[in-house]
Amino acid sequence: MGAIGYMVNTVFGAMFTNGTESSTVGLLYPVESETREAKKLDGMWNFVRSDSSNPSQGLREKWFSDDLAKFRPTIGMPVPSSYNDVTEDASIRDHVGTVWYDRRFFVPKSWQLQRVFVRFGSVHYDSIVWINGQQVLKHEFGHLPFEADISQVLEYGKENRITVLCDNVLLQVTVPQGKIVNSPVDGGVELVQTYTFDFFNYAGIHRSVELYTVPQVFIRDVVVNTDLVGDEGHIYYTVESSLNSSIAADLQATVKILDKAGTVVGVDTATGAELKGVVIVKNVKPWWPYLMHEEYGYMYSMEVTLEGKSNEASEPVGEIFDVYRMKVGVRTLEWNNTSFLINGQPIYFRGFGRHEDSDIRGKGLDYALLTKDFNLLKWVGANAYRTSHYPYSEESMQFADEHGIMIIDECPSVDTENYSQILLEKHKASIEQLIHRDRNHPSVVMWSIANEPRTGQFAADAYFEAVAKYTRALDPSRPVTAAIAVGVNDDRAAKHLDIVSFNRYNGWYQNAGKLNMITNRVVEEAKAWNEKHNKPVLMSEYGADTMEGLHMLPAYIWSEDYQSQVFSRHFRAFDDLRRQQFFIGEFVWNFADFKTAQSKPRLRHSQQDAEDNPILLRLTAYTRVGGNKKGIFTRNRQPKAAAYLLRQRYHALAQELDKSTLPGDLFLYTAPDGTEVGKSEL
């Protein structure tokens with residue numbers, strides 16, 4: 001590194017100190033039970049766009065104090081959805097700054113005997129919530145849930161009003177980062193949001209808004225960890241009640257595990273200030289990834305009852321306070337310097353990068369789309385995907401559990417380039433909220449702490465050391481990774497990871513059109529990462545843009561033929577690497593086409609600098625034709641030619657590695673077995 005580099009790194013290391021990290025409380029997914037009720041507020045809300053030049057006007061004029069329609073004309077806006085593509089107004093699609101939502105709702109009189117929470121699945125990004133004009137919530141990160149007890153501000157048996165302010169501005173101290181610039185336009189000046197990540201900055205109330213009730217004494221949180229001991233499943237649990245520890249000593253938690261048939265297969269009871277224990281399930285059915293077992297994705301039901309302590313005869317002496325039910329999968333994770341294992345079996349990831357993105361609704365939650373996507377994942381034969389480049393909906397995590405799809409769960413840090421202590425604290429907070437939300441999902445097998453950060457900078461070393469260390473402290477049971485785009489000799493973050501993931505676009509951003517410059521380069525780079533860090537390696541992104549229906553022979557960039565050829569050249573590299581025992585997975589970019597900004601910023605650099613730096617090369621100015629077209633499916637989920645090629649590969653790998661059976665329609669009939677088509681005698 002040299003003396004100067006060492007001193008610079010030491011300075012940055014000292015700068016990134018441990019702060020006062022916040023700890024998320026509660027946030028159990030809303031469910032109904034004997035003791036709980038739930039009510040969705042999804043539907044049509046009233047919507048107002050603030051003036052970009054005057055984003056704080058609504059706060060100054062207290063638009064939250066009454067119906068929005070009394071301050072500004074409103075339009076209808078569906079919740080959940082992104083607001084950008086719902087109208088025909090470009091000023092709404094491209095809006096920078098604040099927007100406002102409100103609606104009215106009734107609360108039954110019976111709810112006044114309970115505690116009532118309001119919960120948002122996700123709002124992009126900064127948000128403030130008022131109930132009947134009183135502020136009850138403030139939250140900064142998109143993609144993650146937040147909630148508040150609103151029992152004291154509700155009018156029971158009457159109509160109530162909820163108002164939400166949403167701000168989509170990205171700055172150098174937000175996660176993800178962005179910049180705001182004043183740009184001259186016809187007739188004045190306009191605020192323009194810039195960012196380097198390559199997906200559209202959708203905004204709005206993206207996931208469900210719910211009211212739910214809990215008793216006065218309730219289950220605030222449940223933490224689950226699992227292990228396999230022979231044919232037994234050990235389910236370790238911790239139940240947190242709403243009472244402080246001294247009063248909680250008078251409580252007990254009874255935990256039952258039920259199989260898919262509804263039969264109780266294990267019970268345990270915990271008492272004392274800490275309600276924790278273990279339920280042992282005999283002849284357990286482990287959670288397996290898709291195609292690794294006949295009963296992949298096996299989920300048990302877990303019933304948690306919070307009640308008064310029992311007497312010595314095990315008869316209840318107090319009332320049942322609360323009942324909460326959730327799904328659990330029993331599996332183990334292990335990793336070493338060559339392998340990643342589930343239930344003691346080596347895993348080879350066959351996956352995708354994805355986006356929460358679709359026509360009209362943007363990033364809004366849609367069960368029909370979610371169902372279609374998981375059907376297509378299984379049709380292709382994939383067993384994993386990465387939540388690029390932010391946490392996906394809780395509902396998608398539940399789908400992944402049930403379908404046996406492994407998840408590399410990524411926090412919303414994408415293209416980080418300006419490191420600071422403020423950003424570090426927010427980065428860690430976003431990871432803490434992500435882990436708190438998703439830690440009980442068996443499908444989540446890895447934490448990704450960033451996508452394509454500028455890890456060639458000196459500051460990246462200490463910064464990502466701090467982020468990785470904090471992530472492990474929160475959850476040591478899963479490995480830590482990050483998708484790295486910097487070259488192996490320039491990167492300063494991979495040494496802090498457990499598994500090295502790298503993104504590279506040979507044949508597209510590098511050496512476009514050169515199919516003969518792919519295979520060797522992929523093999524050489526993967527080997528270089530492994531040799532330098534002695535850790536498992538996977539390729540987290542590769543691919544090529546393709547216009548559906550465009551065919552060219554010989555293959556030419558943007559054609560479906562070229563995308564298939566790019567995949568085939570990578571397959572050769574992956575098979576070479578698999579034989580070397582350290583390469584554990586391949587992830588296509590992307591599952592489906594998705595929307596991007598209309599153009600990318602032009603960075604000031606020389607062509608040689610761009611050729612030497614993969615990130616710079618990808619950020620040169622260009623204009624997308626309708627978005628990023630690297631999907632093997634179109635945006636409306638129709639297959640391109642490469643989808644059939646990838647399907648044949650993924651199922652062939654599943655047959656080779658997991659002993660699964662090939663689908664009957666994997667190959668179209670062409671000729672009888674053993675027929676030598678086209679043979680001729682000379």
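This is a predicted model: local features need pLDDT of at least 70, side-chain atom pairs count only at pLDDT 80 or more; totals for chains, interfaces and linings use all residues.
A residue counts as buried under 20% relative accessible area, as exposed over 50%, and as partly exposed in between. Glu 334 has 42% relative accessibility, so this residue counts as partly exposed.

Now look for Ala 273. Glu 334 and Ala 273 are separated by 61 residues in sequence. In space their C-alpha atoms are 32 Å apart.

Next come the charged pairs. Side chains of opposite charge can pair when their charged atoms come close. Across the whole structure, a search finds 45 salt bridges. One of them links Glu 303 and Arg 325, with 3.1 Å between the closest N and O atoms. Glu 303 belongs to strand β20 (residues 300-308) and Arg 325 to strand β21 (residues 320-328), so this pair ties together parts that are 22 residues apart in sequence. The two partners can be read against the cut-offs given at the start. Glu 303 has a relative accessible area of 16%, so Glu 303 is buried. Arg 325 has 35%, so Arg 325 is partly exposed.

Move on to Arg 437 and Asp 438. These two form a salt bridge, and their closest N and O atoms are 2.7 Å apart. Arg 437 is buried, and Asp 438 is buried too. Then find Arg 478 and Asp 475. Their side chains meet in a salt bridge of 2.8 Å, N to O. How buried or exposed are they? Arg 478 counts as buried because its relative accessibility is 4%. Asp 475 counts as buried because its relative accessibility is 5%.

Now turn to empty space. Rolling a probe the size of a water molecule over the atoms shows where such space is left. The largest pocket holds about 680 Å³ of space. Its lining has 26 residues. Closest to the centre of this pocket are Asp 94, Val 96, Leu 191, Val 192 and Gln 193. Which element gives the largest share of the lining of the largest pocket? Strand β12 does, with six residues. Both α3 (90-93) and β12 (188-194) supply at least two residues each. By class, the lining of the largest pocket has ten nonpolar, eleven polar and five charged residues.

There are cavities as well. The structure has seven of 30 Å³ or more. Take the second largest cavity, with about 170 Å³ of space. The lining of this cavity is made of 18 residues. Those nearest its centre are Glu 356, Gly 364, Asp 366, Leu 369 and Leu 370. Helix α5 (residues 367-380) gives the largest share of the lining of this cavity, three residues. Eight of the lining residues are charged, six are polar and four are nonpolar.

Leu 550, Met 552 and Tyr 556 make a nonpolar patch of about 270 Å². Tyr 556 sits in the loop between β31 (537-541) and α10 (560-578). With 53% relative accessibility, Tyr 556 is above the 50% cut-off and therefore counts as exposed.

Finally, follow the backbone. The peptide bond joining Val 79 and Pro 80 is cis, with omega about 5°. Pro 80 lies in the loop between β3 (75-79) and α3. Another cis bond runs from Val 175 to Pro 176, and its omega is near 0°. Pro 176 is in the loop between β10 (159-167) and β11 (179-185).

Phi angles are the last topic. Asn 132 is not a glycine, although its phi is positive, about 50°. The loop between β7 (126-131) and β8 (134-139) contains Asn 132. Its relative accessible area is 25%, so Asn 132 is partly exposed. Asp 415, also a residue other than glycine, has a positive phi near 60°. Asp 415 falls in the loop between β27 (406-410) and α7 (421-438). Is Asp 415 buried or exposed? Asp 415 is buried, because its relative accessible area is 6%.

How values were computed: Residues are numbered from 1 along each chain as its sequence is written. Side-chain values use heavy atoms; hydrogens and water are left out. Patches are made of residues with over 30% relative accessible area and no salt bridge: like charges are joined within 9 Å, nonpolar side chains (Val, Leu, Ile, Met, Phe, Trp, Tyr) within 5 Å. Accessible areas come from the Shrake-Rupley method with a 1.4 Å probe; for residues, only the protein chains shown count as cover. A salt bridge is a side-chain nitrogen of Lys or Arg within 4 Å of a carboxyl oxygen of Asp or Glu. Helices (H or I, at least four residues) and strands (E, at least two) are DSSP runs, numbered from the N terminus. Buried means under 20% relative accessible area, exposed over 50%, partly exposed in between (1.4 Å probe, protein chains only). On a 1 Å grid over the protein atoms alone, a cavity is a set of points where a 1.4 Å probe fits but cannot get out, and a pocket is an open set with protein on both sides within 12 Å along at least five of seven lines; lining residues have an atom within 4 Å of a point. Grid points are joined across faces, edges and corners, and a volume is the space filled by probe spheres set on the points. Ala, Val, Leu, Ile, Met, Phe, Trp, Tyr, Cys and Pro count as nonpolar, Asp, Glu, Lys and Arg as charged, and the others, Gly among them, as polar.
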